[in-house]
Amino acid sequence: MPELPEVETIRTYIDEKAAGRRIENMIIYLPRLIKNRSGDELKQALTGRRITGCSRKGKYLFLHTDGAMSLLIHLRMTGSLIYETGKGEEIRAQRIIFMLDTGRLIYRDIRTLGCLWLVPSVGLTGIQGYDTLGPDGNSPDFTAAYLYSKLKTTHRKIKPFLLDQTQVAGLGNIYVDEALFLAGLRPSRRCDAISKAAVQRLCEAIHTVLAEGLANGGTTVRNFIGGSGKEGQNQSHLRVYGREGKPCLACGTTIRYVKLAGRGTHYCPHCQR
Ligand SMILES: [Zn+2]
């Protein structure tokens, strides 16, 4: 699933290419991806509108228009946005096409689990998952003080806590495993048992792994491609994710793989306590 760096990689590209373009028509192959309106309603609200930009919060993309309504998108497992100016040849798994005055913006999705919503351009969206997002894991608002204040009040395990988008937005399975490794924390550690010093390390680790992911254009484990159609490069920089059975890069101990709260989890039993 695309996480903050992957979604941000797409956002940057789409913002650069689609901002200022006018939506002239839409082809909706799979209307059920639009969760709160019909395909016709979406078409009616957005056709003729100019795209003013693309922003991101957590793993959500917000395609802003100059009209009253805009488009909120969650890519889930295999969703992606592509901008292209070719001759209009068919793209694999294309689900919705925005015909622009210059080029086409294509929502593609192999497993079709993505979600699109028509939302007001300003104010609350009414989409619960979006309106309740915590601070982005790479934002200045995500500080050690904030994280400590949240952790000390809960007895949950740290990994599911970090996956909870209302606490910190944008992290998924890959970057949580990476951050916990970097901070030397066992994914099963109880939140309220983590010292202030370790919370400081964890906060820094989260900022670090997200910045690395962004710098490398995202992580491509299965299906992720950026808005330009290119794969990310961060998969070759991962420290622990996907390395089960291999020696820890820090100490040589075999990396372990367990299921934690239903999610595949990688950690070093020596370095992470
Ligand atoms: Zn180790």
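Two strands count as paired if DSSP finds at least two bridges between them. Keep that in mind for these exercises on a predicted model.

**Exercise 1. Decide whether strands S4 and S8 are paired, and say in which sense.**

Solution. 
- Step 1: Locate strand S4, which covers residues 69–74, and strand S8, which covers residues 115–120.
- Step 2: Look for the bridges. S4 and S8 share six of them, and a pair needs at least two.
- Step 3: Read the sense, which is antiparallel.
- Step 4: Pick an example across the pair: Leu72 faces Trp117 in S8.
- Step 5: Check the surroundings. Five of the six residues of S8 are buried, so the rest of the structure largely encloses this strand.

**Exercise 2. Work out which strands stand at the edges of the open four-stranded sheet.**

Solution. 
- Step 1: Write down the strand order, S1-S6-S7-S5, with antiparallel pairing.
- Step 2: Follow S5 to its partner. It pairs with S7 (residues 104–109) over six antiparallel bridges, and Ile82 has Ile106 in S7 as its bridge partner.
- Step 3: Place the helices. Helix H1 (residues 4–18) lies across S5 and S7, at about 30° to S5. Helix H2 (residues 39–46) packs on the sheet and touches S1 and S6 (94–100), its direction making about 170° with that of S1.

**Exercise 3. Describe the geometry of the zinc site from its donor atoms.**

Solution. 
- Step 1: Name the protein donors: the SG atoms of Cys248, Cys251, Cys268 and Cys271, at 2.3 to 2.4 Å from the zinc ion.
- Step 2: Trace them along the chain, where their spacing is C-x2-C-x16-C-x2-C.
- Step 3: Use the angles. Those among the four donor atoms are 102 to 113°; a tetrahedral site needs all of them between 85 and 135 degrees, so this site is tetrahedral.
- Step 4: Cys268 is buried, at 0% relative accessible area, whereas Cys271 is partly exposed, at 25%.

**Exercise 4. Is Asp164 buried or exposed?**

Solution. 
- Step 1: Find Asp164 in the loop between helix H5 (158–163) and helix H6 (173–183).
- Step 2: Take its relative accessible area, 19%. Buried means under 20%, so Asp164 is buried.
- Step 3: Look at its side chain, which makes a polar contact of 2.8 Å with the side chain of Thr166.

Conventions
Residues numbered from 1 in each chain as written. Predicted model: local features only at pLDDT ≥ 70, side-chain atom pairs only at ≥ 80, totals over all residues. Heavy atoms only, no water. Donors = N, O, S within 2.8 Å, 3.2 Å for Na, K, Ca; no water. Tetrahedral: all angles 85-135°; square planar, octahedral: opposite > 155°, others 65-115°. Buried < 20%, exposed > 50% of the residue type's maximum accessible area, 1.4 Å probe, protein only. Helix = DSSP H or I, 4+ residues; strand = E, 2+ residues; numbered from the N terminus. Contact = heavy atoms within 4.5 Å. Axes fitted to C-alpha atoms, helices over the stretch in contact; angles between N-to-C directions. Polar contact = N/O pair within 3.5 Å; in protein donor to acceptor, adjacent residues only side chain to side chain.
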